[in-house]
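Please consult the sequence and the coordinates shown here while reading this briefing.

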Amino acid sequence: MNRYILIYLTRMKKYTVPLFAAIFFTIMFLYPVLFHFTTHLTSRADGVFISWTIYTVSTLLAEGKNIFDLPIYFPFANTLTYSDPFIPTAILTIPLLFFTKNIVAIHNFHLIFGAVLLYVSSYFIGKQLKFSNLASHFLAFFFTFSSIQTQYLVHLHTYLLAGIPLTLLFFLKWIENNQWYWLFFSLCVFILQTLNSPMSGFFVFFACIPFLLQKTTLTQIKKNMFMVSYYIFFACVVLALFFTPYFLTSQQFKYTRTIRDAAHFAFSLDRLFQPDLLLSFGLLFLLWKTTKKTKEKTTGNLTIFTSASALFVACIGVVLMLGPVIKIHNETFKIFGVPIPLPYTVLYYLIPGFKAFRASSRFIVLLNFGIALLFGNFVSESKLKQKFLYLLFGVLISTQFYFHFAQFELYQIPTEIPKIYDLVKEQKKSTILAEFPVFSWRMMPFAYLENDRLLYQTYHGKILYNGVSGFTPPERESQWDLLWQEFPSEETIVLLKNAGVTLVLIHYDLYDEMYEKNFTYAAHTSKNSHELKQNIGTRLDLIDCKQNACIYSIR
C-alpha cells in the first residue's frame, strides 16, 4: 500500500510543486491584496469599472439576459462594446455569486487566481519545451511577477494572460502527439482569451507566430489542412458572433481610436533603458555566456529553435510597444520635421481590430514573454552549477520584488452605501436614473466619483443615464457638457425626459464641495446647492431627501 502511495505522490509532484510555488510567489507579491481583499483595489477608477463589468455580465449571464446591454448610458444599446467584454471571467464569477456579491472581493479573487494560473501554465510551457524544472520556474516567475507584467495589475484584462502559455502548450502537444483534441483545446483557449479582451487575443497570436513558422510545424499543418481549416473556421464564427456588436457600435458612431492615440500611449525608446529591463538584459547576457552551444531542442516530432523563437517574440513586443512612430522622452523623434514610422502604422491600417486599440504600449507583454522564454532556455542550457543558478534566481526574485513594490499601490473603495440610495432602491424597477453632477472623464479629480456610482448601482439595481467606460458616445458627452453648464434649466429637463430619464438624483453636497474648491470645467464654475435649489423648475417633483441629496421625478 505504501508503495502505491509513494508512486502516486511521485507522479503528483510534477503538478504540486509548481502549484505550491505559484501560491507562494502570489502571496509574496500580492499579500496586500489578500489583507484588503474586500475593501481595496489596484486602481481607484478602472478597477471599479472592471469589477462592476465582470459582476454585471455574470449576473446577466446567470439570469439569461442580453449581456451586451449593460445598465449604463441609457438609452444606448450594446454598451458592453464600449470596453472589454470579460466574458470568460464573468462565467467563472457565476459560482462566486453564491458566496458574495462584493464586487471588490470578486475582482481580487480573479487577480489572485489569475496569477496562480499564469504561473502554473507558464511553468508547463517550459516543461513542454524540455526545460529543466528550475528553468521552468525562471520562465514562470518572470512572466508572472516581473515588474513589466505586474504594472498591469491595475488592468485585470491585461494581467490575466494565461491564454498565451496555454494556447502554445496545447498547440505544441498537438505537434508532438498529432492528437486532434490538443489543437481543439488550443483554439478554445485562444477564443476564451480573446473574449476576455480582444487585444490579448493579438498577444496570443503574435506570441505563437515564430512557432507556427517553423518547418516541422508547417509540415504538420499541411498534413492536417482540412482539420486545421475546419477549426480555424469554427474559431472565426465564434469570434464573429461575439464581436459583431463591437463592429456595429464602431459603425454607429463612426468611431475608431486615432493613430495619434496609439502614438500618444506608446512607450518611448528610452523605456528599453530603464533599470528593470536593463537588469533583465544583464542577467540574460550572463546566462547566455554560460550556455552550452546547442541550437535545437526536440519535443516529440517537433524540432524547436527555442532561443530564436523567444527572441522573435521579444522583438515583436519591442516593435509594437513603441507604437506608430519613434518617441524619445515621450516626444516624437523627427528627422527634417518628419516622424519615423514603425511597423505598427502598417498594422493599424491593415489588420482588422487594430484601430480599436489605444494603449499600444501594452504590447510590452510580448517582450516580457520573450524574455521569460529566454530565461528558461538559457538556464536550462547553462553550464553553471545548480547553486549558482539558484543564487541568480534569488537575485531575480529580490530585484523584481523591489521593482514591483516601487510601483504597486492599493486604493480603498467606498463600502458604505449613502442613505439616498435606499430611496432610489424603493422606486419602480423600470426607473431610469440620472445623477447630478454628471462627471465626464475630463473632470478630474472628481471624475472617479462616476465610477463609485457603479458600486451603488449594484445595490439599487436601476438603469443609469450616467456611465463610465473606455468609450462614451460623443452625443452623450455633448449632453453632459450642456448639463454641467445649464442644469436644472427647462431645456436640460426636457433633454433628460426625451432620453427616457424618470428619476433625478441631485447630490447637493458634491456641488457645494466643488463650489468651495472653485472647480471649473468647460469655462463654467460649479454652482452651489443654494443656487441649484432656487432654479429647480416646475418640471421636477421632489420625492425625498437624505444626507443633503434629493431625488426628484420628472413630470
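The following briefing treats the sheet, the nonpolar core, the salt bridges and the surface in turn.

This is a predicted model, in which local features need pLDDT of at least 70, side-chain atom pairs count only at pLDDT 80 or more, and totals for chains, interfaces and linings use all residues. Residues are numbered from 1 along each chain as its sequence is written, and side-chain values use heavy atoms, with hydrogens and water left out. Helices (H or I, at least four residues) and strands (E, at least two) are DSSP runs, numbered from the N terminus.

**Sheet and hairpin**

- Five strands make up an open sheet with mixed pairing, in the order E10-E9-E11-E15-E14; two strands count as paired if DSSP finds at least two bridges between them.
- Strand E10 (463–464) and E14 are the edges of this sheet; each has a single partner strand, so one side of each is left without a neighbour in the sheet.
- In general, the strands of a sheet pair through backbone hydrogen bonds, either parallel or antiparallel.
- Strand E14 (residues 540–546) and strand E15 (residues 549–554) run antiparallel and are joined by six bridges.
- Within this pair, leucine 542 stands opposite tyrosine 552 in E15, and lysine 546 stands opposite alanine 549 in E15.
- The hairpin of E14 and E15 has two residues between the strands, and glutamine 547 takes a positive phi near 50° there.

**Nonpolar core**

- The largest nonpolar core holds 181 residues; such a core is a set of buried Ala, Val, Leu, Ile, Met, Phe, Trp, Tyr and Cys residues joined through side-chain atoms within 4.5 Å.
- Phe206, Phe363, Phe487, Leu496 and Val504 have the most contacts inside this core.
- Contact (heavy atoms within 4.5 Å) links valine 504, leaving aside its neighbours within four places in sequence, to Ala434, Phe436, Phe487, Leu496, Leu540, Cys550, Ile551, Tyr552 and Ile554.

- Isoleucine 125 lies in helix H4 (residues 103–128) and is buried, with a relative accessible area of 0%; the classes are buried under 20%, exposed over 50% and partly exposed in between (1.4 Å probe, protein chains only).
- Apart from neighbours within four places in sequence, isoleucine 125 is in contact with Leu139, Pro165, Leu168, Leu169 and Leu172.
- Leucine 279, in helix H14, counts as partly exposed at 27% relative accessibility.
- Apart from neighbours within four places in sequence, leucine 279 is in contact with Thr399 and Phe403.
- Leucine 279 and phenylalanine 375 are 96 residues apart in sequence and 13 Å apart in space, C-alpha to C-alpha.

**Salt bridges**

- The whole structure contains nine salt bridges, each defined by a side-chain nitrogen of Lys or Arg within 4 Å of a carboxyl oxygen of Asp or Glu.
- One of them joins aspartate 452 to arginine 44, with the closest N and O atoms 2.8 Å apart.
- This pair links distant parts of the chain, 408 residues apart: aspartate 452 is in helix H20 (residues 448–460), and arginine 44 is in the loop between strand E1 (40–41) and helix H2 (46–62).
- Both partners are buried, aspartate 452 at 3% relative accessibility and arginine 44 at 18%.
- Arginine 453 forms a salt bridge with glutamate 435, the closest N and O atoms being 3.5 Å apart.
- Because arginine 453 lies in helix H20 and glutamate 435 in strand E9 (residues 432–436), this pair ties together parts that are 18 residues apart in sequence.
- Arginine 453 is buried at 3% relative accessibility, as is glutamate 435 at 0%.
- Glu435, Glu450 and Arg453 are linked in a network of salt bridges.
- A further salt bridge connects the side chains of aspartate 541 and arginine 555 (2.8 Å, N to O).
- The residues of this pair are 14 apart in the chain, aspartate 541 being in strand E14 and arginine 555 in the segment after E15.
- Aspartate 541 is partly exposed, with a relative accessible area of 26%.

**Surface patch**

- A nonpolar surface patch is formed by Leu269, Phe273, Leu278, Phe281, Ile328, Phe333, Ile335 and Phe336, with about 790 Å² of accessible area together.
- Patches consist of residues with over 30% relative accessible area and no salt bridge, where like charges are joined within 9 Å and nonpolar side chains (Val, Leu, Ile, Met, Phe, Trp, Tyr) within 5 Å.
- Accessible areas come from the Shrake-Rupley method with a 1.4 Å probe, and for residues only the protein chains shown count as cover.
- Phenylalanine 273 lies in the loop between helix H13 (259–264) and helix H14 (275–289) and is exposed, with a relative accessible area of 57%.
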